[in-house]
Amino acid sequence: MPAAGKGELPFLAVCGLWFVLSAAGAAYWCGPMPGGMEMPGGWTLSMAWMRMPGQSWAGAAVLFLGMWALMMTAMMLPALVPMLLAYRHNLRSAKDRSRAIHSLFAAGGYLAVWIGFGALAYVPGVLLAALAMNSGLFARCVPALTGIAVVLLGIFQMTEWKLGQLARCRAVTSCATGTPGGLSAWAQGLHLGLCCLRCNVNLMLVQLLAGVMDLRFMALLTLAVSAERLAPAPRMVARAVGATIVIAGVALFAGDLIAI
């Protein structure tokens with residue numbers, strides 16, 4: 001990835017402001033709803049999977065996707081900026097206004113992938129929440145099942161497939177083409193977004209399982225994703241993140257056994 005010169009300082013400032021606003025928006029949105037419904041088994045069902053009184057399911061879905069879009073913007077923007085810098089570098093012959101518009105299209109394509117992932121995750125999340133609310137047996141099994149799932153996702157984080165996807169994602173980030181045109185920019189963002197989704201789908205599933213509205217966990221995952229993209233030893237970082245997730249899953253499963 002080309003180094004950001006002085007000419008990119010306004011762009012970086014805009015990205016920094018965008019990050020701050022999206023993070024603040026996610027904190028504001030999630031802050032009023034930190035709790036949820038206490039469930040059999042000693043866990044709390046997140047408000048993200050429930051409707052507010054008098055709210056339609058369509059309204060609940062829009063609310064979830066709005067919150068998810070803010071969270072994904074804050075979480076993935078540090079990993080997205082290097083791709084945008086490379087894209088802008090390859091558009092250096094274009095006018096500043098054109099580069100800004102194309103960069104916006106590329107960012108939109110990238111974030112559209114993550115918003116689409118949230119939309120796909122919402123339906124099974126709601127169905128599982130409904131099952132937990134209607135089945136005491138299933139509700140009591142949720143902490144143990146979550147612990148097992150988190151352990152498996154942590155193990156997946158350390159597989160060669162995951163590490164290969166990470167290498168591809170970093171390669172795509174460093175050589176983003178600068179073909180002029182809004183549709184080309186959007187396609188470039190979609191391409192990187194899909195590469196990033198394949199690389200990070202396990203981390204996003206951990207986010208959904210461990211607490212979709214937990215801002216502390218969101219901050220930790222942001223650090224993990226950014227370190228994977230930007231650190232000089234990505235394989236070591238990915239394995240360290242995977243080991244940490246495995247330990248967290250084991251602790252969650254063991255905690256459930258102790259509670260029983």
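Student: Is Arg88 buried or exposed?

Tutor: A residue is called buried when its relative accessible area is under 20%. In this predicted model, Arg88 has 8% relative accessibility, so Arg88 counts as buried. Arg88 belongs to helix 2, residues 57-89.

Student: Which separation do the C-alpha atoms of Arg88 and Ser103 have?

Tutor: The C-alpha atoms of these two are separated by 7.0 Å. Along the chain, Arg88 and Ser103 are 15 residues apart.

Student: What share of the protein chain do buried residues make up?

Tutor: The protein chain has 260 residues, and 44% of them are buried.

Student: How many helices and strands does the protein chain have?

Tutor: There are eight helices and two strands. Their order along the sequence is α-β-β-α-α-α-α-α-α-α.

Student: Why do some side chains pair up?

Tutor: Side chains of opposite charge can pair when their charged atoms come close. For a salt bridge, the nitrogen and the carboxyl oxygen must be within 4 Å. By that rule, this structure has four salt bridges.

Student: Which salt bridge does Arg235 form?

Tutor: Arg235 pairs with Glu160, and their closest N and O atoms are 2.9 Å apart. Arg235 has a relative accessible area of 38%, so Arg235 is partly exposed.

Student: Which residue forms a salt bridge with Arg239?

Tutor: Arg239 forms one with Glu160, where the closest N and O atoms are 3.3 Å apart. Here too the pair links distant parts of the chain, since Arg239 is in helix 8 and Glu160 in helix 5, 79 residues apart. Arg239 is partly exposed, at 35% relative accessible area. Taken together, Glu160, Arg235 and Arg239 are linked in a network of salt bridges.

Student: What about Lys162 and Glu228?

Tutor: Their side chains meet in a salt bridge, at 3.2 Å from N to O. Lys162 is in helix 5 and Glu228 in helix 7, so the pair ties together parts 66 residues apart in sequence. Lys162 is buried, with 0% relative accessibility. Glu228 is buried as well, at 0%.

Student: Which residues form a nonpolar patch on the surface?

Tutor: To join a patch, a residue needs over 30% relative accessible area and no salt bridge. Here the patch is formed by Leu145, Ile148, Leu152, Ile155 and Met158. Together these five have about 430 Å² of accessible area. Take Ile148, which is in helix 4. Its relative accessibility is 41%, so Ile148 counts as partly exposed.

Student: How much space lies in the second largest pocket?

Tutor: About 340 Å³. A pocket can then be described by the residues that line it. In this one there are 15 lining residues, and Phe217, Leu220, Thr244, Ile245 and Ala248 lie nearest the centre. Two or more lining residues come from each of helix 4 (136-157), helix 6 (182-211), helix 7 (215-230) and helix 8 (234-259).

Student: Which helix gives the most to that lining?

Tutor: Helix 8 does, with six residues.

Student: How many residues of the lining are nonpolar, polar and charged?

Tutor: The lining of the second largest pocket has 11 nonpolar residues, three polar and one charged.

Conventions
Residues numbered from 1 in each chain as written. Predicted model: local features only at pLDDT ≥ 70, side-chain atom pairs only at ≥ 80, totals over all residues. Heavy atoms only, no water. 1 Å grid on protein atoms, 1.4 Å probe; cavity = no way out; pocket = protein on both sides within 12 Å on 5 of 7 lines; lining within 4 Å. Points joined across faces, edges and corners; volume = space filled by probe spheres on them. Helix = DSSP H or I, 4+ residues; strand = E, 2+ residues; numbered from the N terminus. Nonpolar A, V, L, I, M, F, W, Y, C, P; charged D, E, K, R; others polar. Patch = residues over 30% accessible without salt bridge, like charges linked within 9 Å, V, L, I, M, F, W, Y side chains within 5 Å. Areas by Shrake-Rupley, 256 points an atom, 1.4 Å probe, with all protein chains shown as cover. Buried < 20%, exposed > 50% of the residue type's maximum accessible area, 1.4 Å probe, protein only.
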